[in-house]
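This report describes selected features of one protein model. The sequence and structure are shown below.

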Amino acid sequence: MDKVREAAYQILLKSIGKGAYANIALQALSRPDFDRTDRAFATETVYGTLSRKRALEHVIGLFASIPVRKMSPQVHVLLLLGAFQILFMDRVPDSAACNTTVELAKVHCAKSSGFVNAVLRAVVRGRDGIRWPDPAAGWVEAMAVRHSYPDWLVEDWRDAFGEARTERLLEAGNGHPPLTIRANRLKNSRDELAALLAAEGAATRPGTVSEDALVLESPDGLTRLAAFREGRFTVQDESAMLVAAIVDPQPGERILDTCCAPGGKTTHLAERMGNRGSVTGWDLHANKLGLVRESAERLGISIIGVRPQDATRDVPESHGAYNRVLVDAPCSGTGIIRRKPDIKWNRTRADVAALVEIQDRILYNAGRYVKPGGVLVYSTCSMERAENEEACSRFLSRSATDGPAFAADADMPYRRLFPDNPETDGFFIARFRRMS
């Protein structure tokens, strides 16, 4: 039995059937019996199948004698896995995709192996004639099925960005994101880091959005690089790197990061301060604070202090205590779907509404901690207007009547980044200044 496809099947079964996070389940591939090629194939297969799940179900439904919704979880996942290889992995021969999937079926659902074989071979024969929903009969459903998204998300994006931009965003969400790293200013410049990595055989190119960013051409084995162990860089998307730049912390200032784990933005703030001053990190999840401490230690940062704290609750002793406050809010994550495709299937409109309430409470409380004349920055990796522009409008309206009062910073209007730019995730960043 093919061990790599078996691993992919088990991960997909956990993710689709039990709601497990694929990125966490994929950590099982770190076993020594999986080499670089094995890990790359399994990762592409898992993320690709999750990303294209609805489109694959549509195709399977055209060729199967029973509805997808009535299939057992094992048969459902095996057909998704096989159909993805047939339709979206050109380098995998059709015979290999069919045969290896049937072999898995003989182990996990033996009585259905013939059915799995028949459906996959029908997909091979009929793929050139696959019928997709007609946009003229319903644009939202047609785009949602073809690009594999829930209807509600396509509808929201169409209303916010228009049909043409939405289709580009849908396509981008099924793409492959680059792996970007952030040079640690305390230890090297971006150019110095690039030279060090080149000496270790790691090819890079400069990022296009952040002055600290390098794009790694080959991500495998990143943590084994001497430059990583020495704390010369950390992994972070370019969009996320802009957050600390917009906070613009200065050496000697007191900074608060209200939702700090796992610590990418927290450590970036400290690096930009030259490790002078103080950065306080709060997070609701005490078990995640160790990640922040570990990152700070590896990067050579000594000014970060963290503690468990629910940012939706007011902390009176912190009122007016900080020069700058960052709210990197818990959000729907719809801007990072290409990195976490299971977000498509694990989020609903109701989830967004619940998150909006949390974001509003955190942002309002965070405003109380800013010194007069100080800066408050709000960011999300969401594409939803309710979590972004509308959240800012609600905050400004409330601050005007139930102070302290804030205004959008004239030097930095709201900043949006879109994932149809191949270098960036979907991000929203806003900067406010407390009125003196």
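In helix H10 (residues 163-173), the buried residues are Thr-166, Leu-169, Leu-170, Ala-172 and Gly-173. These residues lie on the same side of H10, because they cover an arc of only 165° around the axis. Here, buried means under 20% relative accessible area (1.4 Å probe, protein chains only); helices are DSSP runs (H or I) of at least four residues; the arc is taken from the directions from the helix axis to the C-beta atoms.

This is a predicted model, in which local features need pLDDT of at least 70 and side-chain atom pairs pLDDT 80 or more, while totals for chains, interfaces and linings use all residues. Residues are numbered from 1 along each chain, and side-chain values use heavy atoms, without hydrogens and water.

| Helix | Residues |
|---|---|
| H3 | 36-51 |
| H8 | 139-147 |
| H9 | 151-161 |

The largest cavity holds about 40 Å³ of space. Its lining consists of Trp-157, Leu-169, Gly-173, Thr-334, Gly-335, Ile-337, Arg-338 and Pro-419. A cavity is a set of points on a 1 Å grid where a 1.4 Å probe fits but cannot get out, and lining residues have an atom within 4 Å of a point.

Asn-365 is placed in helix H17 (residues 349-368) and is buried, with a relative accessible area of 5%. A polar atom of the Asn-365 side chain lies 2.8 Å from the backbone oxygen of Thr-312.

Note on methods: Helices (H or I, at least four residues) and strands (E, at least two) are DSSP runs, numbered from the N terminus. Buried means under 20% relative accessible area, exposed over 50%, partly exposed in between (1.4 Å probe, protein chains only). A polar contact is a pair of N or O atoms within 3.5 Å; within protein, one must be able to donate a hydrogen and the other to accept it, and residues adjacent in sequence count only if both atoms are side-chain atoms. On a 1 Å grid over the protein atoms alone, a cavity is a set of points where a 1.4 Å probe fits but cannot get out, and a pocket is an open set with protein on both sides within 12 Å along at least five of seven lines; lining residues have an atom within 4 Å of a point. Grid points are joined across faces, edges and corners, and a volume is the space filled by probe spheres set on the points. Contact means heavy atoms within 4.5 Å.
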